[in-house]
Amino acid sequence: MKELYLAAYSYGPLRLSQREMIETAKELGFQGIELLSPLTEETEALLREYDMKVIDTMDGLDADGNIRDADLLHRLGVKYVAGTH
């Protein structure tokens, strides 16, 4: 079976922490998630804790359009990066 990822917009207007988003996606049977908020070392630890992957981020570019934290995104296996600026 292919891996299933949960898109962040699926949470609608809920104001959840990254932990809550990752935990909920895992409980629903997803193997990965899209995260809108910046990915950090804490995010990496949460993903490891819940055995989840992140396929993309919508907040991966800085104001100049450069990829933010490229080494971290690479370690996390992020395939797609977009910016909100």
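Colleague: How many bridges join strand 1 to strand 2?

Modeller: 2 bridges join strand 1 to strand 2, residues 32-35, and these strands run parallel. Strands here are DSSP runs of E with at least two residues, numbered from the N terminus. Two strands pair if DSSP finds at least two bridges between them. Before we go on: this is a predicted model, where local features need pLDDT of at least 70, side-chain atom pairs count only at pLDDT 80 or more, and totals for chains, interfaces and linings use all residues. Residues are numbered from 1 along each chain as its sequence is written, and side-chain values use heavy atoms, with hydrogens and water left out.

Colleague: Which residue stands opposite Tyr-5 in strand 2?

Modeller: Gly-32 does.

Colleague: And what order do the strands take in the sheet?

Modeller: The order is 1-2-3-4, in an open sheet with parallel pairing. Strand 1 (5-6) and strand 4 (80-81) are the edge strands, each pairing on one side only.

Colleague: What about helices, how many are in the chain?

Modeller: The chain has 3 helices, along with 4 strands. A helix is a DSSP run of H or I with at least four residues. From the N terminus, the elements go β-α-β-α-β-α-β.

Colleague: Where does helix 1 lie?

Modeller: Helix 1, residues 18-27, lies across strand 1 and strand 2. Helix 1 runs at about 150° to strand 2. That angle is between N-to-C directions, on a scale from 0 to 180 degrees, with axes fitted to C-alpha atoms.

Colleague: New topic. How many cavities of 30 Å³ or more turn up?

Modeller: The search of the whole structure finds 1. On a 1 Å grid, a cavity is a set of points where a 1.4 Å probe fits but cannot get out.

Colleague: What lines the largest cavity?

Modeller: The lining residues, with an atom within 4 Å of a point, include Pro-38, Thr-57, Arg-68 and Leu-73. By class, the lining has 4 nonpolar, 2 polar and 3 charged residues. Gly counts as polar here.

Methods
On a 1 Å grid over the protein atoms alone, a cavity is a set of points where a 1.4 Å probe fits but cannot get out, and a pocket is an open set with protein on both sides within 12 Å along at least five of seven lines; lining residues have an atom within 4 Å of a point. Grid points are joined across faces, edges and corners, and a volume is the space filled by probe spheres set on the points. Contact means heavy atoms within 4.5 Å.
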